[in-house]
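Please keep the sequence and the structure at hand while reading.

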Amino acid sequence: MMVKPGISFSSGLGKLVLLSFCIGCSVNPHRDSEKQKPDILLIVYDTVRADRAGCYGHPEPVTSLLDRMSRMGAMFSTAVAPAPWTLPSHASMLTGVYPHRHGARFVPPGLGLDMVGHSIGLADPAIATFPLLLKSAQYFSICVGGAPALNPILGITRDFDIVDVYGSNRSAETINHNLFEYLESVAPGKPVCVLVNYFDAHGPYVRMDLEGSPWLRDLDGPRFTNFYRKMPDGRMLVEQIGAGDFIPSTGMLHYARALYDSEIAYVDRQCENLLLFWARHRDLDHTLLILTADHGELFGENGLVDHARTLDDEVLKVPLIVRMPGRVPARIIQYPVSLVDLFATVTHFAGVQNSPDTDSESLARFWRSNPVRSSLAASEVYRDARWVELTSPAFDRDQRALYLDEFKIVWDHRKSPGIRQSPILNFESSDSREHVLSRAGEWDRAHPTVLPVSAELHPAIHEELKALGYVPGESME
Ligand SMILES: [Zn+2]
């Protein structure tokens, strides 16, 4: 096996950067760290692919905060989203199981749920989320963000004490403003568990106040980068591109990437504001801080823009940085890891028993005394009937990707069980090829797709949606 060992930064460098950053200077005088549970702060930069962060190789200075934080904690260089879009990816973070098990991935026919991208939520209301488990440890939990998929009627955020997620146009500043008020109302000494979802980098990229940013300088591309805009034939531009009926120009894509970078830089600055607030009002050094994204974005790769339809690296590889001084050593970890592991990581640091039947394992395995020898991360995408109808039969498929140590395997699950294509495999010998394919097959057989693609809504969710008037043909009660 050719996996390289992690590269460690010295703790001294971390301290130096930390002080210059002015975060971490405050220590809560009331904290008895030996007894008090750490706070949990999970921050999701929605739609931010890893390679737009400087610490993951982007040459532009877009993510100043992420870059500094990457030197103060564990940075995972191959962090993989469990799904290429918002709802199933967040659901996996919160439940610790892959999309084929939690079910927040469906496109039920006839359910006009435009507000959430024609999807439904957790298929089984009995699936545990980490805010639910943390209640037993007296945590107060808050979810605040801009992604409509986090609406509690879809189930994934139902167990937070406060959920404030409406409005995809809500800015990160507004999210911070609301969160600061909630945090100030928390009783002293009570541990908190917070999920923040910053939605600005999700398309359309329309932050006009950033027109003067350095990434837009000297660009003269077409001034429309809203890939969701309606075109004369009634389809959205993203659908025309998916069908191959519109080929975005190099200039358009260049301009879209520049606006995207501006949105990411804005989110990164607002995240820094949140951490500065946290350092003043909580105890940042006694907080499990997780910085990540739910999926990435395409800008012409594979002939597509946007996300949600493929398992390309650009939509699956996301930033992942975990920081907690004294408990998380500063290092770079190259093994692939999945965001499903955030569930067990959070419960582990909170001192709460993990659910026995999850796909999740604490990331702390990478800094325990027993060295990790192998690691696996999976991702799944399922057929979207409406997308197939509007674009191409080529998308009529269910696919899985498996990142297994240094290998990636992609296969189509509906058309031919087992391995169908392996586009980036680079085996050194036939023996390793056989070994990797064997392990991938084992994982596939151990994780059957138990929920049918056209699953019925769970009766409890159906009743909630019906009461809200979202079920066609059934009047509000
Ligand atoms: Zn998203």
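## Overall make-up

The protein has 13 helices and 15 strands. The model is a predicted one. Of its 477 residues, 48% count as buried. Among contacts between residues at least 6 apart in sequence, 71% join residues at least 24 apart.

The largest nonpolar core contains 127 residues. Ile40, Leu42, Val194, Val196 and Tyr198 have the most contacts inside this core. Helix 8, residues 250–281, supplies the largest share of the core, with 15 residues. With neighbours within four places in sequence left aside, Val196 is in contact with Ile43, Val44, Val144, Gly145, Ile175, Leu179 and Leu274.

Strand 4 covers residues 140–145, and six of its six residues are buried, so the strand is largely enclosed by the rest of the structure. Phe140, Ile142 and Val144 point one way from strand 4, while Ser141, Cys143 and Gly145 point the other way; all are buried.

Strand 4 runs parallel to strand 6, and six bridges join the two. Within this pair, Phe140 stands opposite Val192 of strand 6. Strand 4 also runs parallel to strand 5 (residues 162–164), here with three bridges. The bridge partner of Cys143 in strand 5 is Val163.

## Two covered helices

Helix 3 and helix 10 are both described as mostly covered. The table sets out their burial.

| Helix | Residues buried | Buried residues |
|---|---|---|
| Helix 3 | ten of ten residues | Thr86, Leu87, Pro88, Ser89, His90, Ala91, Ser92, Met93, Leu94, Thr95 |
| Helix 10 | nine of ten residues | Asp341, Leu342, Phe343, Ala344, Thr345, Val346, Thr347, Phe349, Ala350 |

What covers the buried residues of helix 3? The covering elements include helix 4 (99–102), helix 5 and helix 10. For helix 10, which spans residues 341–350, the cover includes strand 2 (39–45), helix 3 (86–95), helix 5 (130–134), strand 7 (287–292) and strand 12 (331–338).

Just after helix 3, Gly96 has a positive phi of about 75°. Helix 10 is followed by Gly351, where phi is positive and near 70°.

## Packing of helix 6 on helix 8

Two packed helices are described by the angle between their axes and the distance between the axes. Helix 6 (residues 172–184) packs with helix 8 at an angle of about 15°, and their axes are 10 Å apart. That angle makes helix 6 roughly parallel to helix 8, because angles under 35 degrees count as roughly parallel. The crossing of helix 6 past helix 8 is right-handed.

On the helix 6 side, the residues that meet helix 8 are Ala172, Glu173, Asn176, Phe180, Leu183 and Glu184. Their counterparts in helix 8 are Tyr266, Val267, Gln270, Asn273, Leu274, Phe277 and His281. Leu274 is also one of the contacts of Val196.

Three strands form an open sheet in the order 13-14-15, with antiparallel pairing. Strand 13 (376–381) and strand 15 (407–412) stand at the edges with a single partner strand each, so one side of each has no neighbour in the sheet. Neighbouring strands of this sheet are turned by 15° against each other on average, direction ignored.

Strand 14, residues 399–404, pairs with strand 15 in the antiparallel sense over six bridges. Tyr403 stands opposite Lys408 of strand 15.

## Arg235

Arg235 lies in the loop between strand 6 (192–198) and helix 7 (237–243). Is Arg235 buried, exposed or partly exposed? Arg235 counts as partly exposed because it has 17 C-beta neighbours inside 10 Å, whereas a buried residue needs 20 or more and an exposed one has 12 or fewer.

Not counting residues up to four places away in sequence, Arg235 touches Gln240 and Leu390. Arg235 and Thr391 are 156 residues apart along the chain, and their C-alpha atoms are separated by 9.3 Å.

Notes. Residues are numbered from 1 along each chain as its sequence is written. This is a predicted model: local features need pLDDT of at least 70, side-chain atom pairs count only at pLDDT 80 or more; totals for chains, interfaces and linings use all residues. Two strands pair if DSSP finds at least two bridges between them. Helices (H or I, at least four residues) and strands (E, at least two) are DSSP runs, numbered from the N terminus. Axes are lines fitted to C-alpha atoms, for helices over the stretch in contact, and angles run from 0 to 180 degrees between N-to-C directions. Two residues are in contact if their C-beta atoms, placed from the backbone, lie within 7 Å. A nonpolar core is a set of buried Ala, Val, Leu, Ile, Met, Phe, Trp, Tyr and Cys residues joined through C-beta atoms within 7 Å. Angles under 35 degrees count as roughly parallel, over 145 as roughly antiparallel, 65 to 115 as roughly perpendicular and the rest as oblique. A crossing is left-handed if the near helix is turned anticlockwise from the far one by less than a right angle, and right-handed if clockwise.
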